[in-house]
Amino acid sequence: MHHELQVVADPDAVAGTAAAFVARLAQACVQAHGRFTFAVSGEHTPWAMFARLAHEHVPWEHVAVFQVDERVAPDGDPDRNLTHLRESLGAAPAEVIAMPVNDADLDVAAAAYGRSLPGRFDLVHLGLGPDGHTASLVPRDPVLEVSDRLVALTAPYMGHQRMKLTYPALARAQQVLWLITERTSANRSRGSLRETGRFPSAGSRRRRRSFLRTRRRPTRALRAPVPSRPHDHDARPLCRAGPVRGIRWL
């Protein structure tokens, strides 16, 4: 599989470049099959991207935004990813399908969210936390072994239990986008991701790195036992399997 890595000047350039890419993809996918399905992770990188994306030409009425993960916390809590996602989107009329982390029975709520997921995601965003984890995939958490559900609950981590998409759900991605603007330790990143047995080493020789990476098909990191399905869109380049793109801040 072909990879592309683009180096940019700073985190603001990462957000702007990512926003422009998402806008182009959204336009192409809406034109191809009438809808753009986008699953987003939390933390600061997507918030900056969405703040820029709100000013791009995006067919928002045909955009459905799902959550990759969410902390179990009250509505409006500053620890909630949804709080910042809505602030960043502003008045953009996208459909935001929020994880129901305030329901009384979280297992039932997770199953319901799984039923709301599309058969495929046009794009899934994954970030990289300062300890090297991505998408609430924390080493040794039992959720890493879940293969019979699309949405599950993690063990408490950094003060919160989380609801998240499992590997089978992430494997529905037609493209995967990594946006990284954190100050991460190369050693910590390598250790945390390797311990999952699924994600590759960060491979960084620097402590400050930011990049955007897109993948057109699910990677081995996201491989899961889900049935294959034919593409239900035409052969527009941005919606087909193709190269991986990355943007890194040095």
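Colleague: Let me start with Arg 149: which residue does Arg 149 form a salt bridge with, and how far apart are the closest N and O atoms?

Modeller: The general idea is that a salt bridge is a side-chain nitrogen of Lys or Arg within 4 Å of a carboxyl oxygen of Asp or Glu. Here Arg 149 forms one with Asp 148, and the closest N and O atoms are 3.3 Å apart. Before we go on, please note that this is a predicted model, where local features need pLDDT of at least 70, side-chain atom pairs count only at pLDDT 80 or more, and totals for chains, interfaces and linings use all residues. Residues are numbered from 1 along each chain as its sequence is written, and side-chain values use heavy atoms, with hydrogens and water left out.

Colleague: How many salt bridges does a search of the whole structure find?

Modeller: The search finds six. One of them joins Glu 70 to Arg 80, with the closest N and O atoms 3.0 Å apart. Glu 70 lies in strand β4 (residues 69-71) and Arg 80 in the loop between β4 and α3, so this pair ties together parts that are 10 residues apart in sequence. For the element names, helices (H or I, at least four residues) and strands (E, at least two) are DSSP runs, numbered from the N terminus.

Colleague: Which other residue forms a salt bridge with Arg 80?

Modeller: That is Asp 75, with the closest N and O atoms 3.2 Å apart. Arg 80 has 2% relative accessibility and therefore counts as buried, while Asp 75, at 61%, counts as exposed. Gly 76 lies in the loop between β4 and α3, and at 58% relative accessibility it counts as exposed.

Colleague: What should I look for around Ser 88 in helix α3?

Modeller: Look at its contacts, where contact means heavy atoms within 4.5 Å. Leaving aside residues up to four places away in sequence, Ser 88 touches Trp 47, Phe 50, Ala 51 and Ala 54. Ser 88 sits in α3, which spans residues 81-89, and its 13% relative accessibility is why it counts as buried.

Colleague: Now the strands: how many of the residues of strand β3 are buried?

Modeller: Five of the five residues of β3 (residues 63-67) are buried, so the strand is largely enclosed by the rest of the structure. Val 63, Val 65 and Gln 67 point one way, whereas Ala 64 and Phe 66 point the other way.

Colleague: In which sense do β2 and β3 pair?

Modeller: Two strands pair if DSSP finds at least two bridges between them. Strand β2 (residues 36-40) pairs with β3 in the parallel sense over five bridges.

Conventions: Buried means under 20% relative accessible area, exposed over 50%, partly exposed in between (1.4 Å probe, protein chains only).
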